[in-house]
Amino acid sequence: MAKSPAKRRCRKAMVPEEPVVDAVNAEVVRVQPDATPPSRKRRRDRGSTPVSPASPRSPVKSATPPRRANGGADANGASKMANSVVTCCSPKSPRKRLFANSPQMPKWNPEDPRQIKAAKEAFHVSTAPATLLCRGEEQMRILEFCKTCIEQDRAGSLYVCGCPGTGKTLSMGRVKEFLTAWTKDVDFQSPDVLNINCTSLTVTSEIFSKILEKCHSRKINGASSPLQKLQNLFSQKKQPSCIRTTLVIVDEMDYLITKDRAVLHDLFMLTTYPFSKIILMGIANAIDLADRFLPRLESLNCKPMVVTFCAYTKDQILTILQQRLMVLGYDVFEPLALEFCARVNFDHMDAALSKAFKSPVVDTIQALPQHQQIILCALVKLLGGRKSSTTMGDLNKMYSDICRSVQFPAACTTEFSNMCKVLSDQGLLKLGQSREEKLRRVVLAINCTDVTFSLKFCDLINI
Ligand SMILES: Nc1ncnc2c1ncn2[C@@H]1O[C@H](COP(=O)(O)OP(=O)(O)O)[C@@H](O)[C@H]1O
Ligand SMILES: [Mg+2]
C-alpha cells in the first residue's frame with residue numbers, strides 16, 4: 001500500500017520509529033461500559049480544539065501497513081501488524097549498529113572468551129531486548145485502553161496476567177513510552193506514572209499511601225487512612241488543582257493477595273469513584289488470580305479489562321532467540337540447532353539435568369521411604385544455607401509442620417528418632433551426642449542441592 005507523505009509524517013510524529021495502531025488490522029479495544037464510571041469532559045492543557053480519536057493526528061487513524069519486524073520473521077501469525085507496531089527502537093538493526101564502524105563482521109569463534117561472554121549475555125534472561133517481538137497485540141490492547149481513558153478523561157482498570165517470563169513487565173514499559181509519545185503527539189497532558197512492584201511493599205496496604213503520595217503531593221490532614229483519603233479525594237467534584245491523571249502500574253500483584261482480598265478489591269474500586277484520576281494496570285503471574293477475584297469485582301461493578309499473556313509458542317521462541325542473537329553479528333548456532341532449542345520443554349530439561357547431575361547420593365535419596373525424605377527436606381528448610389546444624393527437637397517440629405502442611409500423618413517421636421538414625425547410618429546426616437534426645441545436634445552430611453534436586457516434593461513446600 002502506498003503511503004502518502006502526510007501519513008508518513010503522522011506516523012513519525014506519533015512514535016519515533018513505528019506506528020502504534022493500524023486501523024486495518026488492529027483489534028480496537030472496547031472498554032467495558034461497566035468497568036469505569038461514565039466519561040467526563042476531556043481535559044487538555046494546551047490548545048483549545050479537542051483532538052478527536054478520528055483526527056488525522058490520532059494514531060488510530062493510521063492506515064498504513066506496518067513495517068515487518070525482524071526482517072519478516074513473525075511467529076505470531078495473528079499479530080503481524082501488532083508485532084511491528086511496538087518493536088524496533090532504532091533505524092538501524094542492532095547488528096548494524098554494533099558493527100557500523102567495523103570493516104567486516106567477525107566470525108563466530110567458540111574459543112574466544114569474549115564472544116562466549118557476549119553470547120551468554122545476549123541470551124541472559126535479565127537482558128532486555130532492543131525489540132520486543134511477539135507481544136505487539138497485547139501491547140496494542142493495553143495502549144488502546146490507556147488512550148481511551150485519557151481521551152475520555154476517565155479512570156479505568158486493566159488486569160494483565162500470564163506466566164513468569166512472558167514479557168508482561170517489558171511490555172508495560174514499552175506501552176508507557178508509546179503512551180508518552182502519543183500524548184505529546186495529540187497534545188494531551190501526559191499522565192503521571194507510578195510504578196509499584198508489590199514485592200517491595202512491607203505491608204499490602206502501603207500501596208494506598210504510595211498512590212496518595214503520587215496523586216496528592218500536599219499533606220491531607222485527618223485521622224483517616226490513606227485509602228479513606230483517596231476515596232474522599234475521588235468522591236469530591238472540586239478537586240485540588242495539583243491532582244493529575246495517574247497511570248498506576250502495579251507489578252507482581254500476586255503479593256497483594258490476602259485471605260479476604262480486601263486490598264485488591266479496594267485498589268480496583270478506587271477507579272470507580274466518580275472523580276477518580278487513576279488508570280490502574282495490575283500485573284500478576286498467577287493466571288488463576290483472575291478467576292479468584294474477578295467475580296467479586298464484577299459484582300461490585302468494577303471488572304477490569306483483562307489481557308492475558310499466553311506462553312510463547314515454539315515458533316515465537318525461535319523468533320525471539322534469533323532476534324536476541326542478532327546483536328552479536330555472528331552466527332552462534334546453526335539454524336537447525338536453534339530450532340531444536342526452541343522445542344525444548346521442561347520435561348526435556350528435567351531429563352537432561354537428571355542425566356547430568358545424577359549421582360549415587362541422588363539415587364539413595366530418591367530410594368528412601370517418604371517419611372525419611374520429609375526429614376531431609378525439613379533439615380534443608382531449617383538450615384536454609386545459613387546454619388550448619390540444628391537440634392533433634394527443632395527438626396522434629398519442622399518435620400511435623402511439613403507433614404501437617406501436606407496432610408501427611410507424622411510419625412511419633414520414637415519413630416522419628418529411629419528414622420534419623422537410619423539416615424545417619426546411610427551417611428546422609430550426622431547425629432551428635434546429648435543426654436536428652438531432643439538436644440542432640442543434627443548436621444546434614446550431604447549437599448543441600450542434592451536433596452532439593454532429588455526430591456520434587458521439596459517444591460511443594462517451597463524449598
Ligand atoms: N518477546 C520477548 N522478546 C525478547 N525477550 C523476551 C520477550 N519476552 C520475554 N523476554 C525475556 O524474558 C525476560 C523476562 O520478561 P518480563 O517482561 O520480565 O516477564 P514477566 O513480567 O512476564 O515475568 C526479559 O528480560 C527478556 O529477557
Ligand atoms: Mg514481571
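Leu 247 touches Cys 146, Pro 191, Val 193, Ile 279 and Met 281, leaving aside residues up to four places away in sequence; two residues are in contact if their C-beta atoms, placed from the backbone, lie within 7 Å. Leu 247 is buried because 23 other C-beta atoms lie within 10 Å. A residue is called buried if 20 or more other C-beta atoms lie within 10 Å of its own, exposed if 12 or fewer, and partly exposed in between, with C-beta atoms placed from the backbone. The model is predicted: local features need pLDDT of at least 70, side-chain atom pairs count only at pLDDT 80 or more, and totals for chains, interfaces and linings use all residues. Residues are numbered from 1 along each chain as its sequence is written, while chains are lettered from A and ligands numbered from 1 in the order in which they are written.

**Chain and confidence**

- The protein chain has 19 helices and eight strands; helices (H or I, at least four residues) and strands (E, at least two) are DSSP runs, numbered from the N terminus.
- Of the 463 residues in the protein chain, 34% are buried.
- Among contacts with a separation of 6 or more, 78% join residues 24 or more positions apart.
- The average pLDDT is 77, and 74% of the residues score at least 70; pLDDT is the predictor's confidence in each residue, from 0 to 100.
- Residues 1-94 have pLDDT below 50, and this stretch has 186 contacts in the model beyond near neighbours in sequence.

**Five-stranded sheet**

- Leu 247 belongs to strand S3 (residues 246-251).
- An open sheet is formed by five strands in the order S2-S3-S4-S1-S5, with parallel pairing; two strands pair if DSSP finds at least two bridges between them.
- Its edge strands, each pairing on one side only, are S2 (192-197) and S5 (305-309).
- S2 and S3 are joined in the parallel sense by six bridges, and Asn 197 has Asp 251 in S3 as its bridge partner.
- Helix H7 (residues 206-215) lies across S2 and S3 and runs at about 160 degrees to S2; axes are lines fitted to C-alpha atoms, for helices over the stretch in contact, and angles run from 0 to 180 degrees between N-to-C directions.

**Nonpolar cores**

- A nonpolar core is a set of buried Ala, Val, Leu, Ile, Met, Phe, Trp, Tyr and Cys residues joined through C-beta atoms within 7 Å.
- The largest core has 51 residues, and those touching the most other members include Cys 146, Val 248 and Ile 279.
- Helix H5 (residues 136-151) supplies the largest share of this core, seven residues.
- A second, separate core of 21 residues includes Ile 365, Met 392, Cys 420 and Leu 444.

**Strand S8 and its partners**

- Strand S6 (residues 390-391) pairs antiparallel with S8 over two bridges; Thr 390 has Val 442 as its bridge partner in S8.
- Strand S7 (residues 429-431) also runs antiparallel to S8, with three bridges joining them, and Leu 429 stands opposite Leu 444.

**Ligand 1**

- Ligand 1 is surrounded by 19 residues, the closest being Pro 129, Gly 167, Lys 168, Thr 169 and Leu 170; a residue is near a molecule or strand if its C-beta atom, placed from the backbone, lies within 6 Å of it.
- Helix H6 (168-185) and helix H11 (314-326) are the elements that give two or more residues to this shell.
- H6 contributes the largest share, three residues.
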